[in-house]
Amino acid sequence: MSKKVLVLAEVKDGKLRQVSREALSVARRLAAGGEVAAALFGPGNGAHAEELAGYGAQKLYLAEAEALAVYTPDAYAQALTQLVREVQPDVILTGHTAMGRDLAPRVAARLQLGLITDCTAVETSGETILFTRPIYAGKAFQKKAFLEGPVFATLRPNNFAPEEQRTVLDVFPFRPEIKDVRTIVREVVRKTASGVDLSEAKIIVSGGRGVKSADGFQPLKELAEVLGGAVGASRGACDAGYCEYALQIGQTGKVVTPDLYIACGISGAIQHLAGMSNAKVIVAINKDPEAPIFQVADYGIVGDLFEVVPLLTEAFRRV
Ligand code: FAD
């Protein structure tokens with residue numbers, strides 16, 4: 001049976017997030033010929049309507065209230081709750097981003113809906129939608145389904161192919177009643193080494209305690225720059241003060257799923273693997289041939305990262 005699917009899309013730094021395109025592609029599949037609607041919150045975001053239409057959105061609910069200019073849990077939760085009540089979708093999807101993680105449970109609780117978070121795969125079996133999500137820090141996966149709808153799920157970025165399909169888009173201005181907002185965002189300070197968002201980066205060059213100092217990250221930054229990727233780190237490197245905690249990947253850091261993950265001077269502790277083992281291709285550079293990271297690596301280079309990384313950078317510069 002066809003379904004009505006609503007995707008809460010997200011704009012960051014003036015750009016539509018990749019996970020929103022991915023969510024629309026999933027939405028099209030789940031709608032099965034039904035309705036694919038997107039919602040965008042924040043003034044000026046109507047500029048992204050065409051892009052949403054390029055990924056199959058047929059309707060856009062555009063809430064441009066000033067109160068939605070930056071994410072605040074109370075304003076966004078009020079807006080999305082009202083939108084879901086109005087639109088009555090069968091399925092609600094959003095990215096498992098910092099915003100999605102914070103917002104989805106609030107709205108699910110307000111609407112008394114079930115919620116499945118951090119989904120890495122979505123499939124259908126008859127009328128049932130099956131969501132796959134990692135458990136035990138990525139050591140196992142569980143499949144979950146809802147006994148009754150509506151279905152609300154957050155999707156892990158970089159796990160679904162964004163498929164283009166142009167549709168005719170109708171834009172509906174949406175004016176939620178937002179009151180008693182107790183949160184004021186005065187300033188947003190971002191701590192990333194490069195302009196590339198770690199959670200959506202296609203290529204990540206990551207450093208561990210083996211980089212030995214903050215300066216030791218310089219060759220990794222150069223390699224990341226040449227590859228158009230982002231720099232990440234193990235907790236070992238963060239704890240040692242070599243880099244910001246914003247770069248930490250792992251169980252208590254960010255979970256990433258890039259196409260290519262280059263681990264430099266990282267031993268491969270289970271807590272680190274929890275954040276990166278789903279990368280499509282893993283390259284490990286470590287001078288210890290027994291380092292556990294080699295067990296999950298597709299390609300391993302046994303050697304000193306300070307020799308290997310500059311050689312790689314040089315080689316990629318020539319390509
Ligand atoms: P090490 O284990 O010290 O490894 C350094 C590696 O660098 C070694 O393998 C060494 O052979 C290699 N090396 C040294 N010099 C060179 C060189 N010149 N060239 C090449 N290789 C070299 N860790 C995370 O990363 N993320 C998390 O989210 C996380 N969460 C945790 C949560 C909990 C509750 C706990 C208990 C731990 C957590 N940890 C996490 C820590 C984790 O257990 C490890 O301690 C940490 O990942 C180790 O970091 P590392 O691999 O950089 O350092």
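Modeller: Let me begin with the term we need: a pocket is an open set of points on a 1 Å grid over the protein atoms alone, with protein on both sides within 12 Å along at least five of seven lines. Please keep in mind that this is a predicted model.

Biologist: What volume does the second largest pocket have?

Modeller: A volume here is the space filled by probe spheres set on the grid points. For the second largest pocket, that volume is about 320 Å³.

Biologist: Which residues lining the second largest pocket are the closest to its centre?

Modeller: The lining of this pocket has 3 nonpolar, 13 polar and 2 charged residues, and the elements that give two or more residues to it are α6 and α7. Of the 18 residues in that lining, the closest to the centre of the second largest pocket are S234, R235, G236, A269 and H272.

Biologist: Where does the ligand sit?

Modeller: A molecule is assigned to a pocket if more than half of its atoms lie within 2 Å of the grid points of that pocket. By that criterion, the ligand sits in the second largest pocket.

Biologist: Which elements give two or more residues to the shell around the ligand?

Modeller: The shell around the ligand comprises 26 residues, of which R209, S234, T252, S267 and N286 come nearest. By class, this shell has 5 nonpolar, 15 polar and 6 charged residues. The elements that give two or more residues to the shell are α6 (235-239), α7 and α9 (305-318).

Biologist: How far does a backbone N or O atom of L305 lie from a nitrogen atom of the ligand?

Modeller: Polar contacts are pairs of N or O atoms within 3.5 Å, and the ligand has such pairs through both its oxygen and its nitrogen atoms: a backbone N or O atom of G265 lies 3.0 Å from an oxygen atom of the ligand, while an N or O atom in the side chain of D304 is 3.1 Å from a ligand nitrogen. For the backbone N or O atom of L305 and a nitrogen atom of the ligand, the distance is 2.9 Å.

Biologist: What percentage of the area that the ligand exposes when taken alone does the protein bury?

Modeller: Taken alone, the ligand exposes 990 Å². Of that area, the protein buries 76%.

Biologist: Which element gives the largest share of the lining of the largest pocket?

Modeller: The largest pocket holds about 1400 Å³ of space, and 48 residues line it, with E10, K12, R17, R190 and D197 nearest its centre. Those lining residues divide into 22 nonpolar, 11 polar and 15 charged. The elements that give two or more residues are β2 (11-12), β3 (15-16), α1, β4 and α4, and the largest share, 3 residues, comes from α4.

Biologist: Which helix gives the most to the lining of the largest cavity?

Modeller: The count comes to 2 cavities of 30 Å³ or more, and the largest cavity has a volume of about 50 Å³. Its lining has 6 nonpolar, 4 polar and 1 charged residues, including P134, R156, V255 and N278. With 4 residues, the helix that gives the most to this lining is α7 (residues 270-276).

Biologist: Which peptide bond is cis?

Modeller: Most residues other than glycine have a negative phi, and most peptide bonds are trans. A32, in the loop between α1 (18-31) and β4 (35-41), has a positive phi of about 45 degrees, and Q112, in the loop between α4 (98-111) and β7 (116-119), has a phi near 55 degrees. P150 lies in the loop between β10 (140-144) and β11 (151-155), and the cis peptide bond, with omega near -10 degrees, is the one from G149 to P150.

Notes. Residues are numbered from 1 along each chain as its sequence is written. This is a predicted model: local features need pLDDT of at least 70, side-chain atom pairs count only at pLDDT 80 or more; totals for chains, interfaces and linings use all residues. Side-chain values use heavy atoms; hydrogens and water are left out. On a 1 Å grid over the protein atoms alone, a cavity is a set of points where a 1.4 Å probe fits but cannot get out, and a pocket is an open set with protein on both sides within 12 Å along at least five of seven lines; lining residues have an atom within 4 Å of a point. Ala, Val, Leu, Ile, Met, Phe, Trp, Tyr, Cys and Pro count as nonpolar, Asp, Glu, Lys and Arg as charged, and the others, Gly among them, as polar. A residue is near a molecule or strand if one of its heavy atoms lies within 4 Å of it. A polar contact is a pair of N or O atoms within 3.5 Å; within protein, one must be able to donate a hydrogen and the other to accept it, and residues adjacent in sequence count only if both atoms are side-chain atoms. Accessible areas come from the Shrake-Rupley method with a 1.4 Å probe; for residues, only the protein chains shown count as cover.
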